[in-house]
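Dear colleague,

I am handing over the structure below, followed by my notes on what was found in it. Please read the notes with the model open beside you.

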Amino acid sequence: MNKEDSTYHYPVMLSECIKALNINPDGIYVDTTFGGGGHARAILEELSENGILVAFDQDPEALENAIDDERLILINSNFSYIKNFLKLYKTFPVDGIFADLGVSSFQFDNARRGFSTRFDGPLDLRMNPETELNAGDIMNRYSKEKLKQLFKQYGEIKNAGHLTNMVDNYRKNQEITRTAQLAALAQKCAPRNRVNKYLAQVFQALRIEVNQELEALKKLLGSSTELLAPGGRLVVLSYHSLEDRLVKNFFKAGNFEGEIKKDFYGDPQTSFKVITRKPITPVEKEIEKNSRARSAKLRIAEKK
Ligand SMILES: C[S@@+](CC[C@H](N)C(=O)[O-])C[C@H]1O[C@@H](n2cnc3c(N)ncnc32)[C@H](O)[C@@H]1O
């Protein structure tokens, strides 16, 4: 594919992620977020003919990017079911689990999916179009209290109450079904010099709720403890602080609150050795080439 094509997905921090996985060529690896297959392709390049890569994507459209390779098992499912599938395919314990969270450029740049504030499209934002709830349903049916909480918690929006009042007054007369409708409403509440950032926060909040992103991440992290072989790596690329906090706390403490519990000898009771005390972030040159990389944070842990 031509890299100048707007639908091309640049794999973020590709060499850093591959190095982080510390790949054993004969090992079993899992790419939980296949997307355009950029990271998956690079993992396959490191594997011998005995190696296996199991990949997941909940978006059936991502499967159109499938790589023709006998070592790849590509599964159209939410990664929260990782344990069921690895058991089904008898591909565990595994040597590494990788996650590149969020949406791909294929999804983001497609107006029909509703992820971008730049184009008008249906207010959908589902990664898996089979799930029931889309963003429009949330905007039109959630109570004022629930909406406000969502904007506050998932969008980290300071004037969530003001935005919710605007939305509630609008929806009394007209359903909110298009991204452009929501963008126009939110724009009125945004600080004048931070309109784009504000819109991104509003859409982020909806995306997290629609796709139950934090719940899925918690399930993935929890399952990885059981699925990884000793010395196996868990490598996570996240794009906002809510995800990064869960990953950081889980690596450090084995729980999502980050409370370290000590054993009888005073040693922390965790299943992981943290490889990255501070997250790895992309170099300036990568951000210039791919603005999506700007907020990326890479964390690595090793199963004890
Ligand atoms: C950032 S993209 C991955 C891009 C990929 N690393 C590449 O190089 O092309 C994230 C992908 O993960 C998928 N995804 C996000 N959350 C998921 C989940 N809970 N279960 C399965 N797939 C998920 C999205 O549908 C999207 O295709």
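Predicted model: local features only at pLDDT ≥ 70, side-chain atom pairs only at ≥ 80, totals over all residues.

A nitrogen atom of the ligand lies 3.1 Å from a polar backbone atom of Gln58, which is within the limit for a polar contact (a pair of N or O atoms within 3.5 Å; within protein, one must be able to donate a hydrogen and the other to accept it, and residues adjacent in sequence count only if both atoms are side-chain atoms). Taken alone, the ligand exposes 600 Å², and the protein buries 98% of that, with accessible areas taken from the Shrake-Rupley method with a 1.4 Å probe, where for residues only the protein chains shown count as cover.

Residues are numbered from 1 along each chain as its sequence is written, and side-chain values use heavy atoms, with hydrogens and water left out.

Around the ligand there are 25 residues, of which the closest are His39, Asp57, Phe79, Asp100 and Gln107; a residue is near a molecule if one of its heavy atoms lies within 4 Å of it. This shell divides into 7 nonpolar, 14 polar and 4 charged residues, where Ala, Val, Leu, Ile, Met, Phe, Trp, Tyr, Cys and Pro count as nonpolar, Asp, Glu, Lys and Arg as charged, and the others, Gly among them, as polar.

Turning to the side chains, Arg233 lies in strand β5, residues 228-238 (helices, H or I with at least four residues, and strands, E with at least two, are DSSP runs numbered from the N terminus). Arg233 counts as buried because its relative accessibility is 12% (buried means under 20% relative accessible area, exposed over 50%, and partly exposed in between, with a 1.4 Å probe and protein chains only). A polar contact of 2.9 Å joins the side chain of Arg233 to that of Glu302.

Gln181, in helix α8 (residues 179-187), is likewise buried, at 15% relative accessibility. The side chain of Gln181 makes a polar contact of 3.0 Å with the side chain of Tyr170, and a polar atom of the Gln181 side chain lies 2.9 Å from the backbone nitrogen of Arg178.

Some backbone geometry deserves a check on your side. In the loop between α3 (82-88) and β4 (94-100), which holds Pro93, a cis peptide bond joins Phe92 and Pro93, with omega at about 0°. Lys90 lies in the loop between α3 and β4 as well, and has a positive phi of about 50° although it is not a glycine; at 70% relative accessibility, Lys90 counts as exposed. Glu156, also not a glycine, has a positive phi of about 50° and is placed in the loop between α6 (144-155) and α7 (160-171), where Glu156 counts as partly exposed, at 36% relative accessibility.
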